Amino acid sequence: MKRVICFDIETTGLEYTRGDRCIEIGAVEMIDGQITDNNFHEYINPDGKIIPPDSYMVHKISNAFLEDKPKMAVVAPKFLEFIGDSPIVAHNGADFDFPFINYELSKLGLNPIPREQQLDSIVIARNRVFGPKSYSLDALAKWYGISLASRAEGHGALIDAELLAKVYKELENTAPAPDVNEIIAQQHEAFLKHPKIGANFPHRSFPAHEDELAAHNAFMEKLMA
């Protein structure tokens with residue numbers, strides 16, 4: 001049985017090193033390439049961190065809504081128990097989701113998600129999908145014909161994790177894109193094996209006729225006058 005977890009987070013902002021906090025975690029289980037009904041979803045009280053207007057406009061989560069929600073100290077152990085030792089996928093996770101969630105875990109003295117468990121779907125997509133102008137989650141969903149209706153009213157960790165699971169399922173069924181450098185090397189090798197290529201191929205000379213040389217010299221004299 002192959003178990004994979006697709007997850008997403010919503011935050012108060014982009015800079016965890018400047019005090020931004022995780023306020024929502026959503027995770028979706030996949031077993032042998034199929035999305036199951038076993039999900040993880042929690043809103044998180046940011047412990048006094050104010051959500052700025054620009055972040056609110058993305059996820060529509062307010063401080064008032066989060067007042068009675070559990071803090072990360074309660075949510076984090078349950079999240080780690082849910083993912084276990086399964087591979088965990090995040091979109092652009094290497095640059096954002098994994099560093100952010102691991103920072104939150106480190107603040108609580110919990111073990112981070114190991115590097116060997118982390119999968120970044122944007123890296124997978126760039127190696128397997130040739131054609132989209134963008135590798136955003138929305139762009140890949142459109143590329144694969146996956147509906148974005150669930151995102152009509154904005155982002156959400158569970159909404160995005162479910163969308164990611166659908167995209168990841170397609171990526172798993174997409175053959176890796178050909179290595180362009182390898183193709184060039186193969187063609188170059190075939191070129192060198194061509195019977196007319198090599199040092200022993202006879203050189204042929206096509207000297208100009210005397211009247212052609214005379215016409216050329218006359219033209220150059222006129223040009224230089």
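Predicted model: local features only at pLDDT ≥ 70, side-chain atom pairs only at ≥ 80, totals over all residues.
A residue is taken here as buried when its relative accessible area is under 20%.

Five strands form an open sheet of mixed pairing, in the order E3-E2-E1-E4-E5. Its edges are strand E3 (34-43) and strand E5 (118-120), each of which pairs on one side only. Averaged over the sheet and with direction ignored, neighbouring strands are turned by 25° against each other. Strands of a sheet pair through backbone hydrogen bonds, in either the parallel or the antiparallel sense, and both senses occur in this mixed sheet. Strand E1 (residues 3-11) and strand E4 (residues 88-90) are joined in the parallel sense over two bridges, with Ile-5 standing opposite Ile-88 in E4. With E2, by contrast, E1 pairs in the antiparallel sense over nine bridges, and here the bridge partner of Ile-5 is Glu-29.

Helix H7 (residues 157-172) touches E1, E2, E3, E4 and E5, and its direction makes about 30° with that of E2. Helix H3 (residues 72-83) touches E1, strand E2 (22-31), E3 and E4, and its direction makes about 165° with that of E3.

At 1.5 Å a residue, the 12 residues of H3 should span 16 Å, and the end C-alpha atoms lie 16 Å apart, in agreement with that expectation. The buried residues of this helix are Met-72, Val-75, Ala-76, Phe-79, Phe-82 and Ile-83. Seen down the axis of H3, they fall within an arc of 125°, so they line one face of the helix. An α-helix has 3.6 residues a turn, so residues three or four places apart point the same way. The buried residues of H3 pack against E1, E2, E3 and E4, and also against helix H4 (97-107). Just after H3, Gly-84 takes a positive phi of about 55°.

Technical notes
Residues numbered from 1 in each chain as written. Heavy atoms only, no water. Pairing = 2+ DSSP bridges. Helix = DSSP H or I, 4+ residues; strand = E, 2+ residues; numbered from the N terminus. Axes fitted to C-alpha atoms, helices over the stretch in contact; angles between N-to-C directions. Contact = heavy atoms within 4.5 Å. Expected span 1.5 Å × (residues − 1). Buried < 20%, exposed > 50% of the residue type's maximum accessible area, 1.4 Å probe, protein only. Arc of directions from axis to C-beta.
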